[in-house]
Amino acid sequence: MVRVYLHEVTKIFGKNVVALNKVELEVRSGEFMVVMGPSGHGKTTLLRIVAGLEEPTEGEVWIGDTLVASPRKGIFIPPRDRNVGMVFQNWALYPHMKVFDNIAFPLRIKRLPRNEIEKRVKEIAEVLGIAETLDRYPRQLSGGQQQRVAIARALVKEPQVLLMDEPFSNLDARIRVMARAFVKDIQRKLGITTILVTHDPADALTLADRIAVLRRGSIQQIGLPNEIYDKPVNVFVANFIGDINLFNGLIIGKDNEVYFDGGDVKVQLPRSINVRGNEDVILGIRPEDVILSKEVINNNDLIYVGKGIVEISEFAGGKFNVMVKLQSTEVKVVSSTSFGLGEPVHMYFNIHKIKIFDKQTEKLLYG
Ligand SMILES: Nc1ncnc2c1ncn2[C@@H]1O[C@H](COP(=O)(O)OP(=O)(O)OP(=O)(O)O)[C@@H](O)[C@H]1O
Ligand SMILES: [Mg+2]
């Protein structure tokens with residue numbers, strides 16, 4: 001397998017649409033990299049540049065030891081010579097071709113002998129569990145099966161790199177879970193270097209060896225899923241990878257102690273916190289790091305926030321999504337126990353999970 005390396009890749013469409021801005025991304029050999037970002041922030045463009053369907057405006061693209069694109073050096077290797085398989089955003093199956101012919105298509109372009117094509121198509125269809133559908137048209141398949149055909153077509157030419165553009169977006173929630181497990185399994189079995197792009201944090205957290213977060217064409221952070229989740233570099237990443245409560249307030253130093261004062265939400269912070277006093281900050285805490293209790297708890301890992309009233313408590317399969325009102329501030333909580341509506345509760349934050357961001361730059365200061 002090979003590594004894929006984008007070095008300071010910029011893509012500008014027309015005069016001033018900056019789709020990618022100096023993207024620096026190394027995908028290790030055999031790695032499953034998930035690139036996430038909101039709609040229109042450059043995900044598809046990044047994949048198309050690796051595949052050779054777009055030329056970068058600046059920078060270099062490497063696949064293994066081969067420089068496949070460098071405008072400065074006048075290098076551009078076309079898609080057919082890159083040995084990359086791509087699963088497109090809408091799968092793009094040919095509706096008038098049977099499944100067999102859809103999968104065989106890239107091999108026919110390569111002019112492989114007929115018996116070799118038949119052998120490879122049958123093999124990959126077997127691996128993906130769609131062998132019995134080869135004689136059908138795409139419209140005669142379920143969504144999950146159509147997706148497998150698209151993956152089979154990308155894999156049949158035995159590419160060195162697999163690119164997947166939102167491969168689960170057309171699937172309903174239950175099938176999506178199975179499809180994810182399936183893609184992860186195939187990737188692991190084949191050990192193929194993979195880049196998958198998505199706007200869905202669940203895809204990223206469940207599939208990725210590492211995650212890269214894109215915002216308006218710029219990489220914000222690259223890291224292990226738990227790093228991105230627990231140590232997001234800024235508010236954007238924190239918010240994008242999962243639910244988080246954010247409170248505006250001030251850091252206050254008093255009598256050798258450090259406090260966060262956000263009006264309704266006032267908490268004492270660890271002294272180790274390296275933030276100057278009177279600073280405008282944003283405190284972030286994920287719903288599962290907020291603890292509710294009917295009685296007072298004494299625990300060094302928890303800091304007291306105050307007494308609130310339960311406004312909403314919804315069962316969400318093994319846990320409860322709770323909304324608590326602290327005076328006029330609403331706090332989202334994920335709790336393992338249920339609470340009655342209107343019930344008064346004591347609220348605590350897990351001291352190890354508090355994040356403090358700079359108000360101006362929104363960068364992580366502590367956490
Ligand atoms: N061929 C093109 N010509 C002009 N602008 C383009 C072209 N392709 C993409 N763009 C612009 O580049 C930016 C990034 O687009 P891209 O398709 O990479 O986003 P995306 O992250 O894949 O979004 P989505 O999640 O909606 O698929 C957008 O502003 C888009 O309008
Ligand atoms: Mg896209």
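**Reading salt bridges in a predicted model**

Tutor: The count here comes to 19 salt bridges, a salt bridge being a side-chain nitrogen of Lys or Arg within 4 Å of a carboxyl oxygen of Asp or Glu. This is a predicted model, in which local features need pLDDT of at least 70 and side-chain atom pairs count only at pLDDT 80 or more, while totals for chains, interfaces and linings use all residues. Residues are numbered from 1 along each chain as its sequence is written, and side-chain values use heavy atoms, with hydrogens and water left out.

Student: Which residue forms a salt bridge with Lys11?

Tutor: Side chains of opposite charge can pair when their charged atoms come close. Lys11 pairs with Glu54, with 3.8 Å between the closest N and O atoms. Lys11 lies in strand β1 (residues 4–13) and Glu54 in the loop between α1 (43–51) and β4 (58–63), so the pair ties together parts 43 residues apart in sequence. Helices (H or I, at least four residues) and strands (E, at least two) are DSSP runs, numbered from the N terminus.

Student: Is Lys73 buried or exposed?

Tutor: Buried means under 20% relative accessible area, exposed over 50%, partly exposed in between (1.4 Å probe, protein chains only). Lys73 is exposed at 53%, whereas its salt-bridge partner Glu60 is buried at 15%.

Student: Where do Arg120 and Glu116 lie?

Tutor: Both are in helix α3 (residues 114–127), 4 residues apart, which means a separation of about one helical turn.

Student: Which residues do salt bridges with shared partners join into one network?

Tutor: Arg176, Arg180, Asp200 and Asp203.

Terms used:
Chains are lettered from A and ligands numbered from 1 in the order in which they are written.
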